[in-house]
Amino acid sequence: MQQAGIKFKDFKRVVFFTGAGLSVESGIPTYRGQGGVWNEYRWEDYACERAFRRDPEGVWDFHEKQRAAAAACEPNEGHSIIAELQRLRPDTAVITQNIDGLLQRAGCTQVTELHGSLWRLRCPRDREVHEDFSIPLASRKCDCGAYWRPDIVWFEDPLDNNALDAASDALSSCDLLVSIGTSGAVYPAADLPRIAMAGGATSVEVNPDETMVSHLYDVTLRGPASKMLRQMFE
Ligand code: NAD
């Protein structure tokens with residue numbers, strides 16, 4: 001169903017479920033489409049634990065490029081509308097598959113990051129995790145001597161259980177689910193919206209193109225995230 005009449009103000013609790021498409025208007029390409037990272041790089045060489053063990057310097061060269069590219073971009077109106085709704089209604093939940101940190105830079109205070117963040121480092125040896133925004137990295141190694149690892153869910157990694165629990169809680173208690181800019185191709189994240197649907201929430205997909213999960217949604221809004229969010233915010 002196409003419907004322009006969905007407004008945030010008509011719902012009690014809104015959950016946003018966002019993917020790479022939300023950041024396209026900021027200039028960050030999706031991974032798979034035109035200009036996508038995986039057309040240029042093999043994930044097997046740069047985005048999995050096996051690659052990191054084999055060649056940590058190469059993996060860091062790749063991630064430093066991603067950090068620099070994300071840092072050079074600004075949040076767009078879509079990020080800002082989500083942040084503004086969360087400011088006005090603090091029970092608005094934001095679940096993202098994005099690792100770029102743009103929602104937080106737009107002012108979101110509570111974001112469940114299912115796939116981690118480019119801006120957090122984790123020591124595989126002593127498990128320390130901290131934020132780091134330096135470009136280039138001040139050091140690629142922890143004081144213990146081990147290479148920092150980007151705190152990102154790479155290919156073949158499991159999702160973090162705390163993030164999954166937080167996402168499930170939010171999705172099971174919302175009455176409006178707005179999925180934005182996600183192809184629904186990356187599992188297990190792609191299954192999460194079904195929790196809100198099963199709970200009876202109205203579900204809206206925002207995407208300029210049809211996706212393999214479009215048929216699951218009550219409402220599909222075909223257009224860029226910023227424009228569609230602006231309409232819902234009015
Ligand atoms: P995806 O690349 O599989 O799908 C992106 C979707 O966004 C597509 O369906 C596309 O039609 C849609 N889209 C394109 N422009 C849009 C716009 N202006 N407004 C709304 N939608 C638009 O992305 P995914 O489902 O998030 O899965 C890819 C995986 O790669 C995720 O794990 C994600 O974390 C990661 N990723 C993250 C970033 C980022 O942090 N910005 C960028 C690329 C990939």
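Predicted model: local features only at pLDDT ≥ 70, side-chain atom pairs only at ≥ 80, totals over all residues.
From the backbone, an N or O atom of Ile99 lies 2.8 Å from a ligand oxygen. From the side chains, an N or O atom of His115 is placed 2.6 Å from an oxygen atom of the ligand, and a polar atom of Thr182 is found 2.7 Å from a ligand oxygen. The ligand taken alone exposes 850 Å², of which the protein buries 90%.

Helix H9 spans residues 225–233, and its buried residues are Ala225, Ser226, Met228, Leu229 and Met232. Viewed down the axis of H9, these buried residues fall within an arc of 165°, and they therefore line one face of the helix. The cover over the buried residues of H9 includes contributions from several other elements. Among them are strand S1 (14–18) and helix H5 (77–88), together with strand S7 (176–180), strand S8 and strand S9 (219–221).

Strand S8, which comprises residues 202–206, contains Glu205. This glutamate has a relative accessible area of 1% and is therefore classed as buried. The side chain of Glu205 forms a polar contact of 2.7 Å with the side chain of Thr211. Beyond residues up to four places away in sequence, Glu205 touches Ser179, Thr211, Val213, Ser214 and Tyr217, as well as Val219, Thr220, Leu221 and Arg222.

The side chain of Arg122 makes a polar contact with the side chain of Asp151 at 2.6 Å. When residues up to four places away in sequence are set aside, the residues touched by Arg122 are Glu128, Val129, Tyr147, Trp148, Arg149 and Asp151. Of these contacts, the pair formed by Arg122 and Trp148 is separated by 26 residues in sequence, with a C-alpha to C-alpha distance of 5.6 Å.

Cys123 has a relative accessibility of 0% and so counts as buried. Cys142 also counts as buried, because its relative accessibility is 6%.

Two cis peptide bonds are described here. One joins Ile135 and Pro136, with omega at about -10°. Pro136 is located in the loop that runs between strand S5 (129–131) and strand S6 (149–152). The other leads from Tyr187 to Pro188, with omega near 10°. Pro188 is placed in the loop between S7 and helix H8 (193–198).

Positive phi values occur at Arg127 and Glu156, neither of which is a glycine. At Arg127, phi is about 70°. Arg127 belongs to the loop between S4 and S5, and with a relative accessible area of 59% it is exposed. At Glu156, phi is about 75°. Glu156 is situated in the loop between S6 and helix H7 (161–172). The relative accessible area of Glu156 is 54%, and this residue is therefore classed as exposed.

Methods: Residues numbered from 1 in each chain as written. Heavy atoms only, no water. Buried < 20%, exposed > 50% of the residue type's maximum accessible area, 1.4 Å probe, protein only. Helix = DSSP H or I, 4+ residues; strand = E, 2+ residues; numbered from the N terminus. Polar contact = N/O pair within 3.5 Å; in protein donor to acceptor, adjacent residues only side chain to side chain. Contact = heavy atoms within 4.5 Å. Arc of directions from axis to C-beta. Areas by Shrake-Rupley, 256 points an atom, 1.4 Å probe, with all protein chains shown as cover.
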